Amino acid sequence: MAAISRNYLGADFGRTDRFPPSPLYAEDLSGLPPTVLAIAGHDILAQSNEAFARRLSEAGVTLTVRRFGDMFHPFFGFAGASAGAARAFDTLTGDLAGLLATEVATP
């Protein structure tokens, strides 16, 4: 996690007061754009992602949460090798396409 955090934060790695760094710890999540959040069931970050979903919802962010109980953290990259990952990929990209179409149509 430390190596991933360094990649994520770069030169600011030493400035974080929480580990691992996450948008979950932001003071205010209001005003964020509509969000699609995928939560894999076999992911060490699943509980943090659930907490992030709660915070986004409490902040009034338009939110779609997709839970994939049989998936693991990097499942998105396995759509070509796993039928379950491919279905999840299709669901999530459909959600994102819907958001983009809505946002583009909104003046």
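Me: Which residues lie nearest the centre of the largest pocket, and how many line it?
Reply: Pro 23, Leu 37, Leu 45, Asn 49 and His 73 lie nearest its centre, and 25 residues line the largest pocket. On a 1 Å grid over the protein atoms alone, a pocket is an open set of points where a 1.4 Å probe fits, with protein on both sides within 12 Å along at least five of seven lines, and lining residues have an atom within 4 Å of a point.

Me: Before we go on, where does this model come from, and what should I know about the numbering?
Reply: This is a predicted model, where local features need pLDDT of at least 70, side-chain atom pairs count only at pLDDT 80 or more, and totals for chains, interfaces and linings use all residues. Residues are numbered from 1 along each chain as its sequence is written, and side-chain values use heavy atoms, with hydrogens and water left out.

Me: Back to the pocket: what volume does the largest one have?
Reply: The largest pocket has a volume of about 600 Å³. That volume is the space filled by probe spheres set on the grid points, which are joined across faces, edges and corners.

Me: And which elements give two or more residues to its lining?
Reply: Those are α1 (2-9), β1 (35-42), α2 (46-58) and α3. Strand β1 gives the most, with five residues. Helices (H or I, at least four residues) and strands (E, at least two) are DSSP runs, numbered from the N terminus.

Me: How do the lining residues divide into nonpolar, polar and charged?
Reply: The lining of the largest pocket has 18 nonpolar residues, six polar and one charged. Here Ala, Val, Leu, Ile, Met, Phe, Trp, Tyr, Cys and Pro count as nonpolar, Asp, Glu, Lys and Arg as charged, and the others, Gly among them, as polar.

Me: Let's zoom out. In what order do the elements run?
Reply: From the N terminus on, the order is α-β-α-β-α, with three helices and two strands in the protein chain.

Me: What share of the chain is buried?
Reply: Of its 107 residues, 24% count as buried. Buried means under 20% relative accessible area, exposed over 50%, and partly exposed in between (1.4 Å probe, protein chains only).

Me: OK, Asp 95 next. Where is it found, and is it buried or exposed?
Reply: Asp 95 is found in helix α3 (residues 83-105). Asp 95 counts as buried because its relative accessibility is 15%.

Me: What does its side chain make a polar contact with?
Reply: The partner is the side chain of Arg 66, at 2.7 Å. A polar contact is a pair of N or O atoms within 3.5 Å; within protein, one must be able to donate a hydrogen and the other to accept it, and residues adjacent in sequence count only if both atoms are side-chain atoms. Not counting residues up to four places away in sequence, Asp 95 touches Val 36, Thr 64 and Arg 66, where contact means heavy atoms within 4.5 Å.

Me: What about Ala 88, buried or exposed?
Reply: Ala 88 counts as buried because its relative accessibility is 1%. Ala 88 also lies in helix α3, and leaving aside neighbours within four places in sequence, Ala 88 is in contact with Phe 68 and Phe 75.

Me: Now the strands. Why does His 42 count as exposed?
Reply: His 42 is exposed because its relative accessible area is 55%. His 42 is found in strand β1, and its contacts beyond four places in sequence are Gly 69, Asp 70, Met 71, Phe 72 and His 73.

Me: Asp 70 is in that list, so where does Asp 70 lie?
Reply: Asp 70 lies in strand β2 (residues 63-72). Asp 70 counts as exposed because its relative accessibility is 56%.
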